[in-house]
Structure formats: structure tokens, C-alpha cells
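Me: I'm new to this one. Can you walk me through it?
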Amino acid sequence: MTTNYALVLTLNYFFEIVNWLILIRVILSLLRMENMSNPISRFVITVTEPILEPFRRLQFKSSIGRNMMIDFSPILAMLVIQYIIRPIIINIVSLI
């Protein structure tokens, strides 16, 4: 197994874990379990907040997102990670 393949595989696992953590955060918020007293909730919120915050700001700055009751930042973050960031980084690593 080459070093590039191992790095690409590691990056794929990393992005998959990030997507799962975002999904867990959505489920926690739907179940109203997003409190900081629970260590699992605290870990998920601490890890995902830096990823979701830019998308949340972008959503609430737009004229459409400002009036919405639903936070679409997890969906936007997962789509951007899956279809933009992941392919770019994997292609860059493959070129090395």
C-alpha cells in the first residue's frame, strides 16, 4: 500500500466521521438533547460548531434564511464537505 493511498483512505475516514458527527448533532437537536451537561453532547457540539458556524452565518445573512425557522447549516455543511472539499483535497493528495 502506497503512502498516497493510505493518506487518501485516512482523509476519507476523517470526512466520513465529520459527516456522522454532524448527523448526530442534528439528531441531538431534534430530540432536544443539546445540553452541555452531557459529555457526549458536549463533545459533538464542540467538534461540529466550528464547522457549522460559517454556514449558519451565511444562511442568516441571506434574505431567505433570515426568516426561516429551520437551520439548514448542517445540510449545507455536509453537501459542501461531500461534494467540494473532499474531492479537492483527495485530488491534491493524489497529485503528490
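Reply: Start with Arg56. Leaving out residues up to four places away in sequence, Arg56 touches Arg25, Glu49, Asp71 and Ser73. Keep in mind that this is a predicted model.

Me: Which helix does Arg56 lie in?
Reply: Arg56 is part of helix H2.

Me: Is Arg56 buried or exposed?
Reply: Buried. Its relative accessible area is 16%, and the cut-off for buried is under 20%.

Me: OK, H2 and H3. At what angle do they pack?
Reply: About 115 degrees, and their axes are 8 Å apart. H2 passes H3 in a crossing that is right-handed.

Me: Which residues make that contact?
Reply: From H2, they are Ile51, Leu52, Phe55, Arg56 and Gln59. From H3, they are Ser73, Pro74, Leu76, Ala77, Val80 and Ile81.

Me: How many of those are nonpolar, polar or charged?
Reply: In the contact of H2 with H3, eight are nonpolar, two are polar and one is charged.

Me: Now H3 itself. How many residues does it have?
Reply: Helix H3 has 23, covering residues 73-95. From first C-alpha to last, H3 reaches 31 Å. That is close to the 33 Å expected at 1.5 Å a residue.

Me: Where does H3 bend?
Reply: At Ile81, by about 40 degrees. Ile81 is also one of the H3 residues in the contact with H2.

Me: Which residues in H3 are buried?
Reply: Ser73, Pro74, Ala77, Ile81, Arg86, Ile90 and Val93.

Me: And what covers the buried residues of H3?
Reply: The cover includes H1 and helix H2, residues 39-61.

Me: Let's switch to H1. Where is Asn19 placed?
Reply: Asn19 sits in helix H1, which runs over residues 3-30.

Me: Why does Asn19 count as buried?
Reply: Because its relative accessibility is 7%, and buried means under 20%.

Me: What is Asn19 in contact with?
Reply: Met78, Ile81, Gln82 and Arg86, leaving aside neighbours within four places in sequence. Ile81 and Arg86 are among the buried residues of H3.

Me: Last one, Val44. Which helix is it found in?
Reply: Val44 belongs to helix H2. Val44 counts as buried, at 3% relative accessibility.

Me: What is Val44 in contact with?
Reply: Leu21, Ile24, Arg25 and Leu28, again leaving aside neighbours within four places in sequence. Arg25 is also touched by Arg56.

Me: How are Val44 and Leu28 separated?
Reply: Along the chain, they are 16 residues apart. Their C-alpha atoms are separated by 9.2 Å.

Definitions and conventions. Residues numbered from 1 in each chain as written. Predicted model: local features only at pLDDT ≥ 70, side-chain atom pairs only at ≥ 80, totals over all residues. Heavy atoms only, no water. Helix = DSSP H or I, 4+ residues; strand = E, 2+ residues; numbered from the N terminus. Buried < 20%, exposed > 50% of the residue type's maximum accessible area, 1.4 Å probe, protein only. Contact = heavy atoms within 4.5 Å. Expected span 1.5 Å × (residues − 1). Bend = angle between axes of the 7 residues up to and from the residue. Axes fitted to C-alpha atoms, helices over the stretch in contact; angles between N-to-C directions. Left-handed = near helix turned anticlockwise from the far one by under 90°. Nonpolar A, V, L, I, M, F, W, Y, C, P; charged D, E, K, R; others polar.
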